[in-house]
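Before reading the questions and answers, please take a moment to look over the sequence and the model.

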Amino acid sequence: MLLDFIGLSLALAHFTVPLAYYAYIVKYYRRPWDIGLEPGYKPRVTVIVPTYNEARLIERRLDNIYSQDYPRDLLEVIVVDSASTDGTVEKVAEWCRRHPDIAVRIVREGERRGKGFALNNALKYCSGEIIVVTDADSEWVGRDCLSKAVSWFSNPTVGAVSCVKTPASSGLAGVEEGYRGFYNIMRVGESKAWSTPVFHGELAAYRRSLLEEIGGFPTDIGADDSYTATRIALMGYRAIIPGDIACLELVPSRGYHKWRIRRAQHLVQHFWKILRARHKAPKRFKTVLYAETYLHLFNPWILLAAAILLAASAATGSLLAILLLTLGLALLLFKPYRTWIATQLYLIAAAVRNLWTRELAWEKTLK
Ligand code: GDD
Ligand code: MN
């Protein structure tokens with residue numbers, strides 16, 4: 001009976017905290033932005049594309065950047081490649097010959113030391129006031145995507161801008177979609193409250209002066225985008241995801257679970273690292289930062305504890321525990337619940353896996 005009671009309480013706590021937080025964020029999501037923009041703001045922009053074996057996708061990525069309506073004389077692209085072995089650099093060089101009207105620089109690293117390391121290398125060559133990082137396997141939706149992202153920097157309180165995500169292709173896109181709708185609302189709502197601690201590599205833009213102030217991108221953890229954005233938010237600037245900047249992301253056709261675990265590993269690393277600086281958070285950022293830290297680092301374990309206690313109790317014949325476990329399993333028929341549970345499992349697996357590998361130079365997944 002005691003086991004049932006504790007198990008049930010933990011399960012309730014596991015679901016109540018995120019629901020309460022969701023309700024809190026949705027209030028902000030519905031509010032208008034409190035960030036005013038200056039029309040006509042057109043700073044110099046550097047787009048950085050980090051690549052490791054992206055020969056299949058890099059031309060498509062460059063085409064998409066090329067198609068943007070941002071003034072080309074204010075735009076510079078840097079492809080920073082970490083010793084790809086599939087001809088990525090040759091593909092870029094060839095693409096450049098066909099597009100002489102856009103400034104593209106190739107920075108080649110002799111060895112692969114991870115994305116964060118490569119980005120710091122690229123920073124040395126940037127001339128832009130705004131730095132935009134974008135993954136090779138992504139696509140900006142609409143020709144005005146970059147312009148829209150840059151326009152937010154016309155407000156001096158904005159330090160970083162990212163996008164919402166829509167998954168593209170592949171069989172598992174359904175799961176991805178289920179979880180994207182909810183998370184996109186969270187990211188935009190958090191941004192309106194103050195800032196979001198979760199950014200996306202498909203489009204992550206930063207004010208260069210702030211990047212320099214924090215010493216560039218982290219090289220000891222994986223989530224360079226989320227961590228950098230959060231550092232900027234901790235400095236008192238806004239790190240935001242406006243709802244109308246959308247990016248497509250390719251979802252791997254194989255190795256989906258591994259991919260999700262690795263990304264969860266990086267997020268877990270980010271939230272652990274940021275824990276040390278949490279007291280610096282501006283008042284308006286505290287609730288968001290604390291809630292997201294709790295949801296990523298601790299809440300999944302509460303679910304696991306609840307399941308273990310109830311299973312133990314069910315094994316001793318407790319009818320209530322059997323009923324609760326059956327209910328928990330039956331609810332898996334509902335997609336939002338199923339997606340939620342899957343995310344908790346990925347976070348638990350990630351935390352465990354972090355004990356022996358940080359996955360800073362990860363295996364390529366086929367997309
Ligand atoms: N230069 C360089 N060096 N680029 C790299 C390296 C490296 O060692 N490793 C990966 N990249 C590049 C890839 O070529 C791609 O353009 C981008 O970094 C993201 O890598 P993906 O392989 O597409 O990883 P992902 O989509 O699963 O990663 C997502 O999560 C990461 C954190 O877990 C993205 O949002 C990343 O931006 C994010 O860092
Ligand atoms: Mn990717």
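What follows is a set of questions and answers about how terms are applied to this structure.

This is a predicted model, in which local features need pLDDT of at least 70 and side-chain atom pairs count only at pLDDT 80 or more, while totals for chains, interfaces and linings use all residues. Residues are numbered from 1 along each chain as its sequence is written, chains are lettered from A and ligands numbered from 1 in the order in which they are written, and side-chain values use heavy atoms, with hydrogens and water left out.

Q: Why are α1 and α13 called roughly perpendicular?
A: Helix α1 (residues 2–29) and helix α13 (residues 335–353) pack at an angle of about 105 degrees, with their axes 13 Å apart. Angles under 35 degrees count as roughly parallel, over 145 as roughly antiparallel, 65 to 115 as roughly perpendicular and the rest as oblique, so α1 and α13 are roughly perpendicular to each other. The axes are lines fitted to C-alpha atoms, for helices over the stretch in contact, and the angles run from 0 to 180 degrees between N-to-C directions. Helices (H or I, at least four residues) and strands (E, at least two) are DSSP runs, numbered from the N terminus.

Q: Which residues make the contact of α1 with α13, and how do they divide into nonpolar, polar and charged?
A: From α1 come His 14, Phe 15 and Pro 18, and from α13 come Tyr 337, Trp 340, Ile 341 and Gln 344, where contact means heavy atoms within 4.5 Å. Five of these residues are nonpolar, two are polar and none is charged, given that Ala, Val, Leu, Ile, Met, Phe, Trp, Tyr, Cys and Pro count as nonpolar, Asp, Glu, Lys and Arg as charged, and the others, Gly among them, as polar.

Q: What makes Val 161 count as buried?
A: Buried means under 20% relative accessible area, exposed over 50%, and partly exposed in between (1.4 Å probe, protein chains only). Val 161 has a relative accessible area of 0%, and is therefore buried. This residue lies in strand β6 (residues 158–162), and its contacts beyond four places in sequence include Trp 152, Phe 199 and Ile 245.

Q: Which protein donors does the manganese ion (ligand 2) have?
A: The donors are Asp 137 (OD) and Asp 137 (OD), lying 2.2 to 2.8 Å from the ion, where donors are N, O and S atoms within 2.8 Å of the metal (3.2 Å for Na, K and Ca), and since water is not among the atoms, sites may look incomplete. Asp 137 is found in the loop between β4 (130–133) and β5 (138–140).
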